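Dear colleague,

Please find the structure below.

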Amino acid sequence: MFVVIAIALSIDASRIVLSLRAARQYTSAAFRSNAFNFAGDMAGSVAVLVGLLLVAAGFHAGDAIASLCVAAVIFAAVSRLAFENVRALMDYAPPVSRDAIIDAIADANPDIELRRLRLRDVAGRLYADVIVGVPPATAASASHDIADRVEAAVQEIAPDSDILVHAEPAMGGADLREQILATALADPAVGDVHNIRIYTKANGTSIVTLHIKFDPDISLKNAHEISERVETAVARVDPEIITVYTHLEPLEAPVALRDAPVQGSLTGSIERILGRPPLRLEVRQSEVGPVALLTITTDPGARLAAAHTLASDLERDLRIEHPELADVVVHTEPRSGPTNSGATS
(Lines give C-alpha, C1' and ligand atoms only; values in the text may rest on other atoms or scores of the structure.)
Protein backbone atom coordinates (compact mmCIF):
# COMPACT_ATOMS: atom_id res chain seq x y z
CA MET A 1 0.00 0.00 0.00
CA PHE A 2 2.81 2.39 0.88
CA VAL A 3 4.50 1.70 -2.48
CA VAL A 4 1.30 2.30 -4.41
CA ILE A 5 0.69 5.61 -2.58
CA ALA A 6 4.28 6.70 -3.18
CA ILE A 7 3.96 6.03 -6.90
CA ALA A 8 0.64 7.97 -6.98
CA LEU A 9 2.26 10.91 -5.18
CA SER A 10 5.15 11.06 -7.65
CA ILE A 11 2.77 10.94 -10.61
CA ASP A 12 0.57 13.69 -9.13
CA ALA A 13 3.63 15.85 -8.40
CA SER A 14 4.87 15.56 -11.99
CA ARG A 15 1.42 16.36 -13.38
CA ILE A 16 1.17 19.43 -11.14
CA VAL A 17 4.54 20.73 -12.30
CA LEU A 18 3.76 20.18 -15.99
CA SER A 19 0.28 21.74 -15.72
CA LEU A 20 1.57 24.86 -13.94
CA ARG A 21 4.34 25.24 -16.50
CA ALA A 22 1.83 24.98 -19.36
CA ALA A 23 -0.52 27.41 -17.58
CA ARG A 24 2.24 30.02 -17.38
CA GLN A 25 3.40 29.43 -20.96
CA TYR A 26 -0.05 29.62 -22.57
CA THR A 27 -1.80 31.81 -19.96
CA SER A 28 -4.39 29.05 -19.73
CA ALA A 29 -7.03 28.88 -17.02
CA ALA A 30 -7.71 25.25 -18.06
CA PHE A 31 -4.14 24.13 -17.32
CA ARG A 32 -4.19 26.07 -14.05
CA SER A 33 -7.44 24.35 -13.02
CA ASN A 34 -5.92 21.02 -14.01
CA ALA A 35 -2.98 21.70 -11.70
CA PHE A 36 -5.36 22.44 -8.80
CA ASN A 37 -7.20 19.20 -9.55
CA PHE A 38 -3.98 17.18 -9.40
CA ALA A 39 -2.96 19.05 -6.24
CA GLY A 40 -6.23 17.93 -4.67
CA ASP A 41 -5.50 14.34 -5.66
CA MET A 42 -2.02 14.61 -4.21
CA ALA A 43 -3.31 16.10 -0.97
CA GLY A 44 -5.82 13.24 -0.70
CA SER A 45 -3.04 10.70 -1.24
CA VAL A 46 -0.96 12.38 1.47
CA ALA A 47 -3.95 12.24 3.85
CA VAL A 48 -4.40 8.50 3.10
CA LEU A 49 -0.68 7.93 3.68
CA VAL A 50 -0.83 9.72 7.05
CA GLY A 51 -3.91 7.68 8.00
CA LEU A 52 -2.17 4.42 7.16
CA LEU A 53 0.88 5.46 9.17
CA LEU A 54 -1.34 6.27 12.18
CA VAL A 55 -3.12 2.90 11.92
CA ALA A 56 0.20 1.09 11.57
CA ALA A 57 1.36 2.89 14.72
CA GLY A 58 -1.68 1.58 16.63
CA PHE A 59 -3.90 4.70 16.42
CA HIS A 60 -7.09 3.09 15.03
CA ALA A 61 -8.97 6.41 14.51
CA GLY A 62 -6.31 7.45 11.99
CA ASP A 63 -8.27 6.00 9.05
CA ALA A 64 -11.40 8.02 9.94
CA ILE A 65 -9.34 11.19 10.35
CA ALA A 66 -7.70 10.58 6.98
CA SER A 67 -11.14 10.19 5.39
CA LEU A 68 -12.27 13.52 6.84
CA CYS A 69 -9.07 15.17 5.57
CA VAL A 70 -9.64 13.77 2.08
CA ALA A 71 -13.23 15.10 2.13
CA ALA A 72 -11.97 18.54 3.23
CA VAL A 73 -9.34 18.58 0.47
CA ILE A 74 -11.92 17.66 -2.18
CA PHE A 75 -14.31 20.35 -0.89
CA ALA A 76 -11.58 22.99 -0.95
CA ALA A 77 -10.46 22.05 -4.46
CA VAL A 78 -14.00 22.03 -5.83
CA SER A 79 -14.78 25.38 -4.15
CA ARG A 80 -11.70 27.01 -5.66
CA LEU A 81 -12.42 25.66 -9.14
CA ALA A 82 -16.05 26.76 -8.92
CA PHE A 83 -15.05 30.23 -7.69
CA GLU A 84 -12.58 30.81 -10.52
CA ASN A 85 -14.84 29.49 -13.27
CA VAL A 86 -17.94 31.30 -12.03
CA ARG A 87 -15.97 34.57 -12.06
CA ALA A 88 -14.94 33.87 -15.66
CA LEU A 89 -18.51 33.05 -16.69
CA MET A 90 -19.81 36.21 -14.98
CA ASP A 91 -17.36 38.44 -16.92
CA TYR A 92 -15.45 39.26 -13.76
CA ALA A 93 -12.55 41.68 -13.96
CA PRO A 94 -10.39 42.99 -11.13
CA PRO A 95 -11.81 46.27 -9.72
CA VAL A 96 -8.34 47.84 -9.79
CA SER A 97 -8.10 47.35 -13.56
CA ARG A 98 -11.60 48.77 -14.08
CA ASP A 99 -10.88 51.91 -12.05
CA ALA A 100 -7.53 52.43 -13.80
CA ILE A 101 -9.13 52.04 -17.24
CA ILE A 102 -11.93 54.50 -16.40
CA ASP A 103 -9.35 57.08 -15.27
CA ALA A 104 -7.23 56.53 -18.39
CA ILE A 105 -10.23 57.00 -20.72
CA ALA A 106 -11.27 60.18 -18.89
CA ASP A 107 -7.75 61.61 -19.12
CA ALA A 108 -7.41 60.84 -22.84
CA ASN A 109 -10.91 62.05 -23.78
CA PRO A 110 -12.19 64.64 -21.28
CA ASP A 111 -15.03 65.76 -23.59
CA ILE A 112 -16.72 62.40 -24.03
CA GLU A 113 -19.19 60.52 -21.84
CA LEU A 114 -18.30 56.98 -20.77
CA ARG A 115 -21.65 55.20 -20.89
CA ARG A 116 -20.63 51.60 -20.37
CA LEU A 117 -17.47 49.65 -19.67
CA ARG A 118 -17.68 45.88 -19.63
CA LEU A 119 -14.54 43.87 -18.86
CA ARG A 120 -13.97 40.15 -18.84
CA ASP A 121 -10.88 38.08 -18.32
CA VAL A 122 -10.59 35.07 -20.63
CA ALA A 123 -7.51 32.86 -20.35
CA GLY A 124 -5.53 35.70 -18.88
CA ARG A 125 -6.48 38.19 -21.61
CA LEU A 126 -8.66 41.20 -20.91
CA TYR A 127 -11.60 41.86 -23.25
CA ALA A 128 -13.15 45.33 -23.05
CA ASP A 129 -16.46 46.54 -24.52
CA VAL A 130 -16.70 50.33 -24.31
CA ILE A 131 -19.63 52.59 -25.22
CA VAL A 132 -18.91 56.33 -25.28
CA GLY A 133 -21.15 59.29 -25.94
CA VAL A 134 -19.71 61.92 -28.30
CA PRO A 135 -21.04 65.37 -29.20
CA PRO A 136 -24.03 64.87 -31.53
CA ALA A 137 -22.56 66.89 -34.40
CA THR A 138 -19.27 64.96 -34.42
CA ALA A 139 -18.25 63.75 -37.87
CA ALA A 140 -17.66 60.05 -38.51
CA SER A 141 -13.91 60.60 -38.92
CA ALA A 142 -13.75 62.45 -35.60
CA SER A 143 -15.71 59.66 -33.89
CA HIS A 144 -13.21 57.16 -35.28
CA ASP A 145 -10.35 59.23 -33.87
CA ILE A 146 -12.06 59.28 -30.46
CA ALA A 147 -12.43 55.50 -30.59
CA ASP A 148 -8.72 55.16 -31.39
CA ARG A 149 -7.83 57.30 -28.36
CA VAL A 150 -10.08 55.17 -26.14
CA GLU A 151 -8.38 51.99 -27.39
CA ALA A 152 -4.94 53.49 -26.76
CA ALA A 153 -5.96 54.50 -23.22
CA VAL A 154 -7.19 50.98 -22.40
CA GLN A 155 -4.08 49.38 -23.87
CA GLU A 156 -1.88 51.53 -21.66
CA ILE A 157 -3.41 49.73 -18.67
CA ALA A 158 -3.78 46.30 -20.32
CA PRO A 159 -1.35 46.02 -23.25
CA ASP A 160 -2.62 42.63 -24.46
CA SER A 161 -6.30 43.51 -24.23
CA ASP A 162 -8.88 43.13 -27.00
CA ILE A 163 -11.02 46.28 -27.20
CA LEU A 164 -14.30 47.09 -28.95
CA VAL A 165 -15.40 50.74 -28.86
CA HIS A 166 -18.86 51.94 -29.90
CA ALA A 167 -19.55 55.67 -30.20
CA GLU A 168 -23.06 57.10 -30.09
CA PRO A 169 -24.38 60.68 -29.98
CA ALA A 170 -24.75 62.19 -26.53
CA MET A 171 -27.57 64.71 -26.56
CA GLY A 172 -27.06 65.59 -22.92
CA GLY A 173 -25.12 68.82 -22.59
CA ALA A 174 -25.36 69.64 -26.30
CA ASP A 175 -26.82 72.99 -27.30
CA LEU A 176 -29.98 73.23 -29.36
CA ARG A 177 -28.17 73.77 -32.67
CA GLU A 178 -26.03 70.64 -32.17
CA GLN A 179 -29.13 68.60 -31.35
CA ILE A 180 -30.91 69.87 -34.47
CA LEU A 181 -27.90 69.12 -36.67
CA ALA A 182 -27.50 65.60 -35.25
CA THR A 183 -31.22 64.89 -35.62
CA ALA A 184 -31.29 65.99 -39.26
CA LEU A 185 -28.12 64.10 -40.19
CA ALA A 186 -29.47 60.95 -38.51
CA ASP A 187 -31.76 60.42 -41.50
CA PRO A 188 -29.78 58.22 -43.94
CA ALA A 189 -31.26 59.98 -46.98
CA VAL A 190 -29.87 63.38 -45.92
CA GLY A 191 -26.56 64.23 -47.55
CA ASP A 192 -25.70 67.45 -45.73
CA VAL A 193 -27.23 70.07 -43.43
CA HIS A 194 -26.17 73.70 -43.14
CA ASN A 195 -27.43 77.22 -42.47
CA ILE A 196 -29.28 76.24 -39.29
CA ARG A 197 -30.97 79.27 -37.80
CA ILE A 198 -33.05 79.49 -34.64
CA TYR A 199 -35.45 82.43 -34.34
CA THR A 200 -36.75 82.94 -30.80
CA LYS A 201 -40.07 84.71 -30.30
CA ALA A 202 -41.00 86.89 -27.35
CA ASN A 203 -43.09 84.13 -25.77
CA GLY A 204 -40.08 81.78 -25.66
CA THR A 205 -41.08 79.62 -28.63
CA SER A 206 -38.71 79.11 -31.56
CA ILE A 207 -38.83 78.83 -35.33
CA VAL A 208 -36.06 76.74 -36.90
CA THR A 209 -34.84 76.97 -40.49
CA LEU A 210 -32.25 74.76 -42.12
CA HIS A 211 -30.93 73.82 -45.54
CA ILE A 212 -30.92 70.12 -46.45
CA LYS A 213 -28.95 68.63 -49.34
CA PHE A 214 -29.92 65.45 -51.17
CA ASP A 215 -28.67 63.32 -54.02
CA PRO A 216 -29.27 65.47 -57.14
CA ASP A 217 -31.02 62.56 -58.89
CA ILE A 218 -33.70 62.19 -56.21
CA SER A 219 -37.22 63.26 -57.19
CA LEU A 220 -38.77 66.34 -55.61
CA LYS A 221 -41.58 64.15 -54.25
CA ASN A 222 -39.15 61.91 -52.36
CA ALA A 223 -37.06 64.86 -51.19
CA HIS A 224 -40.21 66.53 -49.85
CA GLU A 225 -41.25 63.38 -47.98
CA ILE A 226 -37.80 63.13 -46.39
CA SER A 227 -37.81 66.82 -45.46
CA GLU A 228 -41.17 66.42 -43.73
CA ARG A 229 -39.76 63.49 -41.80
CA VAL A 230 -36.77 65.59 -40.76
CA GLU A 231 -39.00 68.53 -39.81
CA THR A 232 -41.07 66.27 -37.54
CA ALA A 233 -37.94 64.86 -35.89
CA VAL A 234 -36.42 68.33 -35.36
CA ALA A 235 -39.66 69.63 -33.83
CA ARG A 236 -39.43 66.88 -31.21
CA VAL A 237 -35.96 68.00 -30.11
CA ASP A 238 -37.38 70.80 -27.99
CA PRO A 239 -41.02 71.45 -27.01
CA GLU A 240 -40.45 75.17 -27.61
CA ILE A 241 -39.89 74.59 -31.36
CA ILE A 242 -43.25 75.36 -32.96
CA THR A 243 -42.29 75.49 -36.64
CA VAL A 244 -39.52 74.01 -38.80
CA TYR A 245 -38.80 75.25 -42.33
CA THR A 246 -36.45 73.37 -44.65
CA HIS A 247 -34.80 74.53 -47.85
CA LEU A 248 -34.06 71.66 -50.26
CA GLU A 249 -30.82 71.63 -52.26
CA PRO A 250 -28.95 69.10 -54.41
CA LEU A 251 -25.48 67.96 -53.38
CA GLU A 252 -22.89 69.65 -55.57
CA ALA A 253 -21.00 67.54 -58.09
CA PRO A 254 -17.30 68.24 -58.77
CA VAL A 255 -16.82 71.08 -61.28
CA ALA A 256 -13.93 71.08 -63.73
CA LEU A 257 -11.73 74.20 -63.63
CA ARG A 258 -9.12 75.65 -65.94
CA ASP A 259 -6.89 78.69 -65.60
CA ALA A 260 -8.25 82.03 -66.75
CA PRO A 261 -6.52 85.41 -66.98
CA VAL A 262 -7.06 87.78 -64.06
CA GLN A 263 -9.14 90.67 -65.25
CA GLY A 264 -7.85 94.13 -64.39
CA SER A 265 -11.36 95.36 -63.71
CA LEU A 266 -11.80 92.65 -61.08
CA THR A 267 -8.58 93.63 -59.30
CA GLY A 268 -9.63 97.27 -59.40
CA SER A 269 -13.03 96.46 -57.96
CA ILE A 270 -11.45 94.60 -55.05
CA GLU A 271 -9.07 97.49 -54.27
CA ARG A 272 -11.89 100.03 -54.46
CA ILE A 273 -14.25 98.02 -52.24
CA LEU A 274 -11.64 96.80 -49.78
CA GLY A 275 -9.37 99.85 -49.79
CA ARG A 276 -6.27 97.72 -50.44
CA PRO A 277 -5.23 94.98 -52.86
CA PRO A 278 -5.98 91.37 -51.95
CA LEU A 279 -3.22 89.18 -50.62
CA ARG A 280 -3.93 86.64 -53.33
CA LEU A 281 -6.27 86.44 -56.31
CA GLU A 282 -6.95 83.56 -58.68
CA VAL A 283 -9.56 83.33 -61.38
CA ARG A 284 -10.53 79.92 -62.76
CA GLN A 285 -12.93 79.15 -65.57
CA SER A 286 -15.59 76.55 -64.77
CA GLU A 287 -18.42 74.97 -66.73
CA VAL A 288 -20.84 77.55 -65.31
CA GLY A 289 -18.61 80.61 -65.56
CA PRO A 290 -15.54 82.21 -63.96
CA VAL A 291 -14.77 81.55 -60.29
CA ALA A 292 -12.84 84.11 -58.22
CA LEU A 293 -10.70 82.77 -55.37
CA LEU A 294 -9.14 85.49 -53.25
CA THR A 295 -7.44 85.93 -49.90
CA ILE A 296 -7.67 89.13 -47.86
CA THR A 297 -6.11 90.17 -44.58
CA THR A 298 -7.74 91.84 -41.62
CA ASP A 299 -6.89 93.09 -38.15
CA PRO A 300 -5.41 90.21 -36.08
CA GLY A 301 -7.59 91.22 -33.15
CA ALA A 302 -10.81 91.17 -35.16
CA ARG A 303 -13.57 88.79 -34.16
CA LEU A 304 -14.53 86.00 -36.52
CA ALA A 305 -17.99 87.51 -36.96
CA ALA A 306 -16.47 90.81 -38.12
CA ALA A 307 -14.09 89.05 -40.52
CA HIS A 308 -17.00 87.05 -41.93
CA THR A 309 -19.05 90.20 -42.42
CA LEU A 310 -16.16 91.82 -44.28
CA ALA A 311 -15.78 88.79 -46.56
CA SER A 312 -19.54 88.56 -47.16
CA ASP A 313 -19.80 92.26 -48.05
CA LEU A 314 -16.87 91.95 -50.45
CA GLU A 315 -18.43 88.90 -52.09
CA ARG A 316 -21.79 90.65 -52.46
CA ASP A 317 -20.30 93.80 -53.99
CA LEU A 318 -18.14 91.80 -56.42
CA ARG A 319 -21.18 89.85 -57.59
CA ILE A 320 -23.03 93.12 -58.19
CA GLU A 321 -20.19 94.69 -60.17
CA HIS A 322 -19.29 91.47 -61.99
CA PRO A 323 -22.48 89.46 -62.56
CA GLU A 324 -20.57 87.13 -64.88
CA LEU A 325 -18.85 85.53 -61.88
CA ALA A 326 -20.27 82.08 -61.15
CA ASP A 327 -18.81 82.02 -57.66
CA VAL A 328 -16.70 84.12 -55.31
CA VAL A 329 -14.78 82.56 -52.43
CA VAL A 330 -13.15 84.96 -49.96
CA HIS A 331 -10.62 83.62 -47.47
CA THR A 332 -9.70 85.84 -44.49
CA GLU A 333 -6.57 85.63 -42.35
CA PRO A 334 -4.86 87.90 -39.79
CA ARG A 335 -2.63 90.57 -41.28
CA SER A 336 0.41 89.40 -39.30
CA GLY A 337 -0.17 85.72 -40.17
CA PRO A 338 1.32 83.61 -42.95
CA THR A 339 0.95 84.83 -46.49
CA ASN A 340 -0.48 81.64 -47.94
CA SER A 341 -4.19 81.12 -47.94
CA GLY A 342 -4.19 77.62 -46.58
CA ALA A 343 -5.88 76.34 -49.74
CA THR A 344 -4.47 74.26 -52.54
CA SER A 345 -4.65 75.42 -56.11
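**What was found**

Among contacts (heavy atoms within 4.5 Å) in the protein chain between residues at least 6 apart in sequence, 58% join residues at least 24 apart. Please note that this is a predicted model, in which local features need pLDDT of at least 70 and side-chain atom pairs count only at pLDDT 80 or more, while totals for chains, interfaces and linings use all residues. Residues are numbered from 1 along each chain as its sequence is written, and side-chain values use heavy atoms, with hydrogens and water left out.

**The chain as a whole**

The protein chain contains 9 helices and 10 strands; these are DSSP runs numbered from the N terminus, helices being H or I with at least four residues and strands E with at least two. The radius of gyration of the protein chain is 37 Å, whereas a compact globule of 345 residues would have a value near 20 Å. This radius is taken over C-alpha atoms, and the globule rule is 2.2 Å times the number of residues to the power 0.38. The C-alpha trace spans about 125 × 50 × 40 Å along its principal axes.

Of the 345 residues, 31% count as buried. Buried means under 20% relative accessible area, exposed means over 50%, and partly exposed lies in between (1.4 Å probe, protein chains only). The protein chain exposes about 20,700 Å², of which carbon and sulfur atoms supply 59%; accessible areas come from the Shrake-Rupley method with a 1.4 Å probe, and for residues only the protein chains shown count as cover.

**Salt bridges**

The structure holds 14 salt bridges, a salt bridge being a side-chain nitrogen of Lys or Arg within 4 Å of a carboxyl oxygen of Asp or Glu. One of them joins the side chains of D129 and R118, at 2.8 Å from N to O. This pair links distant parts of the chain, with D129 in strand β2 (residues 125–134) and R118 in strand β1 (residues 113–122), 11 residues apart. D129 is buried, with a relative accessible area of 11%, while R118 counts as partly exposed at 36%.

A salt bridge also connects the side chains of K221 and E225 (2.7 Å, N to O). K221 and E225 are separated by about one helical turn, because they are 4 residues apart in helix α7 (residues 220–235). K221 is exposed, with a relative accessible area of 57%, and E225 is partly exposed, with 40%.

The side chains of R284 and E282 likewise meet in a salt bridge (2.7 Å, N to O), and both residues are buried. Together with R280, E282 and R284 are linked in a network of salt bridges.

S143 lies in helix α5 (residues 140–157) and is buried, with a relative accessible area of 15%. Leaving aside neighbours within four places in sequence, S143 is in contact with V134, T138 and A167. S143 and E168 are 25 residues apart in sequence, and their C-alpha atoms are 8.7 Å apart in space.

T297 is placed in strand β9 (residues 289–298) and is buried, at 14% relative accessible area. Not counting residues up to four places away in sequence, T297 touches R276, L279, E333, P334 and R335.

Yours sincerely,
A colleague
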